[in-house]
Amino acid sequence: MNDLEQLAAAARADFEAAPTPAELENAKARYLGKAGRVTELLKALGALPVEQKKTRGAEINQAKAGIEAALQARRDALAAAELQRQLQAEALDVTLPGRRRGTGGLHPVSRTIERIEAIFGSMGFDVAEGPEIETDWMSFTALNNPENHPARSMQDTFYVDMKDGEGRWLNLRPHTSPMQVRYARAHAAKYAGVDPMPEIRVIAPGRTYRVDSDATHSPMFHQCEGLWIGENVSFKDLKVVFIDFVRQFFETDDFDVRFRPSFFPFTEPSAEIDIAFRSGPLAGRWLEVAGSGQVHPNVVRAYGLDPEHHIGFAFGIGPDRLAMLRYGIDDLRLMFDGDLRFLSQFN
Ligand code: DAH
C-alpha cells in the first residue's frame, strides 16, 4: 500500500468509527478540512517539479474522491439508522384496541331545566331567556324595591362597577324575576291596542348570582321564573298549575303541598311553596321548592300594564334544589365542581 492508499484506508476507518453525524463531520475535517491531511498533500504539490506534479496531483485527487465517497456512504448510513430509530420510536401498534371517545351528556341541572320547560310548555307556557348582567332597575326598582330601601340587601347581590348606556347601574342578577318585567314589557308593546290582550304565560330559567356559599348555596345557582298574567288569573290558578307541575316533575301524587305565608316586595300576598312526600326517603319532611305570590300592582305598572285590568301570579323555582331532590344529591357544590365521576352518573 502506498501512502495515499493508507491515507484513504485510515479515513474510511475513521468515518466508519464515527457514531454520530457531528463526529463524522469532525473526522471529515481531519482529512478534507482546511488543515486536513488531503489538503496538506495538495498544498505540498507546489514544491514538486512539473512532470511529477501532474501524476502526483492525479493520484491525490483519486484518493480524495475515494475519501469523499466513503464520507457520503457513512453519512447515508447514519441518516438511514436515524430514520430507522425514529420509525421504531413512533411505531403504531395497529392491533391495540382503539381509545373510545366518551359520549357527552347533559348536566343534571340542564336535564332538570329541560324537564321544567317540557312540563310548563305542555301547560301553554312560553320559555324566555334574559341577560345575566342586569340593570339595578330591572333587578330591584321595577320589582317594587324602592331605591335605597334596606330590603334590597335581602339579597347579597354582586354589584358591577359599571353603568349601561342609559346610566343604570349593573349587577349580576340575583334572581330571574327581572325576566317578568322584560317579558311582560315586550308582550305589552307587541299587543298594544289589542283588546283583550292575549295572556302572558312564560317561564324564564337561567343562571343567577349571590354572594353566598355553603353546602346548600353556591354563588352561581339557577332559578326558573314563572309568570301568568290575564284579566282574571288568581291564586287558585297558581295552586292548580304548581301542584300539577310537582305531580309531573316527581311522577307521583303521593305528596302534600303547603303555601306558607311569606314576604317578597314584588308580590302581595306572597307564599313559599313547600312540598312533603308521603313516602320514600324524604317522607314527612317539608321541603321548600319555590317562592310565589300574586303580582304587586306596582310591578304590573312596571310591566307597562294597568293593574285594574291585568292580574296574575308569579313564582320562582330553584332547579338546583329540584335536581337534588329528584336525584338524591345532598351537597349542592357537587353539581358545580365539574367532576366527571359525579356528572357522568346522570347519563
Ligand atoms: N325572586 C325570588 C327569590 O329570588 C323568588 C320569587 C318569589 C320569585 C316570589 C317570584 C315570586 O316570582 O313571586 O328569592
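Strands β2 and β4 pair up in the antiparallel sense, held by 3 bridges. Along that pairing, E134 sits opposite N171 in β4. Keep in mind that this is a predicted model.

On to the next pairing. Strand β4 also runs antiparallel to β3, and 4 bridges join the two. Here F158 faces L172 in β4. β3 and β4 make a hairpin with 5 residues between them, and G167 in the turn has a positive phi of about 80 degrees.

Here are the two pairings side by side:

| Strand pair | Bridges | Sense | Opposite residues |
|---|---|---|---|
| β2 and β4 | 3 bridges | antiparallel | E134 and N171 |
| β3 and β4 | 4 bridges | antiparallel | F158 and L172 |

Put together, the 3 strands give an open sheet in the order β2-β4-β3, with antiparallel pairing. β2 (133–135) and β3 are the edge strands, each pairing on one side only. From one strand to the next, the twist averages 35 degrees.

Now for the helices. Helix α2 (residues 21–32) packs with helix α4 (residues 50–89) at an angle of about 175 degrees, and their axes are 11 Å apart. That angle makes α2 roughly antiparallel to α4. The contact has 7 nonpolar and 6 charged residues, but no polar ones. On the α2 side the residues are P21, L24, E25, K28, Y31 and L32, and they meet K64, I67, E68, L71, R74, R75 and L78 in α4.

Zooming out, the chain splits into domain 1 (3–89) and domain 2 (108–346). Their C-alpha centres lie 87 Å apart.

Methods: Residues are numbered from 1 along each chain as its sequence is written. This is a predicted model: local features need pLDDT of at least 70, side-chain atom pairs count only at pLDDT 80 or more; totals for chains, interfaces and linings use all residues. Side-chain values use heavy atoms; hydrogens and water are left out. Domain bounds come from an automatic or database domain assignment. Axes are lines fitted to C-alpha atoms, for helices over the stretch in contact, and angles run from 0 to 180 degrees between N-to-C directions. Angles under 35 degrees count as roughly parallel, over 145 as roughly antiparallel, 65 to 115 as roughly perpendicular and the rest as oblique. Contact means heavy atoms within 4.5 Å. Ala, Val, Leu, Ile, Met, Phe, Trp, Tyr, Cys and Pro count as nonpolar, Asp, Glu, Lys and Arg as charged, and the others, Gly among them, as polar. Two strands pair if DSSP finds at least two bridges between them.
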